[in-house]
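Hello,

Here is the structure I promised to pass on to you. My notes on what turned up follow below it.

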Amino acid sequence: MLTFWAEHALLPGGPADAVAIEVADGRIAKVTPGGRRRGDVLAGVTLPGFANAHSHVFHRVLRGRTHVGSGTFWTWREGMYALSQRLEPDSYYRLARAVYAEMVLAGITAVGEFHYLHHSPGGRPYSDPNAMGEALIQAAADAGLRITLLDTLYLAGGFGLPLEPAQRRFGDGSLEAWLDRVEKLDPPGHAVIGGAVHSVRAVPDEAIAAFACSTEGRPVHVHLSEQRSENEACRLEHGCSPTELLERCGLLGPDLTAVHATHLAGHDIDLLRRSGTTACFCPTTERDLADGLGPARALAEAGVRLSLGTDSNAIVDMFEEARAVEMHERLVSEERGRFTAGELLDAMTRHDSLGWPDAGRIEVGARADLVTVGLRTPRTAGIDPSGVVYAATGADITDVIVDGRRIVAGGRHLRIDAGAELAAAIGGLWA
């Protein structure tokens, strides 16, 4: 039995002071507010672990390198494709280990990795057809966080188009080949194997329908209506919106997370609500790529549950993702307080779309994932602890415990020098 004593904590019932959190076998066994100071002290305000519901780990290499001149998502994508050809299993592992360490330092205790970098450049499978996915799973273990590997089906270069040369390593050729490869994955305890449809433009509708029948019970994600041009192309090809196409194919449902959902139209929101589909917003990437602002408040008011992701990892800071949801809504509506701090914290800590429904709460029986934010930094000094979502950044996190194991102490990762490993891994790819 371990005991952590939190100076302040945000519990399901609200803020509390002097909270003793007892942990056994990686789970919270007892929570006692107002207890005497004992055990391992967490000075500051302690939150549940954060869930990064959408990540492309290799995009981290592009940070700070894509801002010369003008362009759109589609011009940015060309640089991403070029980068994707540089990675092999060993370099992918080194990069992912460093990026996942960066995530843990930012309070992320579980990541959903939207993984489509499957084969060697040119599309030839490795001798181990899951070598790239296994590299991510091992990197997550070494960095100290859980991973949901959202192994991605990617079959087309657009509606009715073959894969482009740079996309060939993403594709398995058919749904059957994808299923055969994914079934060979044997996840260890820190990993869940999920699935993903890359997008309606990258997977033909008949394959989406067959996929929906083959992945029941797994967490499944899909890029949905990220750009207006995707909507327009879908209407030309199928006479409907991407959301309507997913409904026709039977993919909408409580196991599905719609990532981005930026340009929803017509009754798309109602279709998501009625099916129980959840939505994942990635505001820092959506604004970095000039994709647009999604209807966060409208989705929430309809009852669609929201999660958050770092997507391209141009920024790894869940506080920034959460604040952006609120601040973008303020700019659109010209009103403050579109989301409460509690709603934003719920989105930051929502693990169920990743297949970890027992995480994201400081309560008995939950996984012992704890993130402590210092209250004596230039950004947080003098704040009310309940307002930490509006004041803190990832740099203010001092302690991170994952499944009862301390991974970060005093703002430092106990296993990995993230800055040094990021510099080496990224520098090697650009050499």
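**What I found**

Of the 431 residues of the protein chain, 59% count as buried, meaning under 20% relative accessible area with a 1.4 Å probe and protein chains only. Please keep in mind that this is a predicted model, in which local features need pLDDT of at least 70 and side-chain atom pairs count only at pLDDT 80 or more, while totals for chains, interfaces and linings use all residues. Residues are numbered from 1 along each chain as its sequence is written, and side-chain values use heavy atoms, with hydrogens and water left out.

Among contacts (heavy atoms within 4.5 Å) with a separation of 6 or more, 74% join residues 24 or more positions apart.

The protein chain holds 14 helices and 16 strands, counted as DSSP runs (helices H or I, at least four residues; strands E, at least two).

"Formimidoylglutamate deiminase N-terminal" is listed by UniProt as a domain at residues 5–35, a stretch with 77% strand and 0% helix whose end C-alpha atoms are 8 Å apart. UniProt also gives the domain "Amidohydrolase-related" for residues 47–406. That span is 36% helix and 17% strand, with its end C-alpha atoms 14 Å apart.

Best wishes

Note on methods: UniProt positions are given in the numbering used here, feature names are shortened, and annotations may be inferred rather than shown by experiment. Buried means under 20% relative accessible area, exposed over 50%, partly exposed in between (1.4 Å probe, protein chains only).
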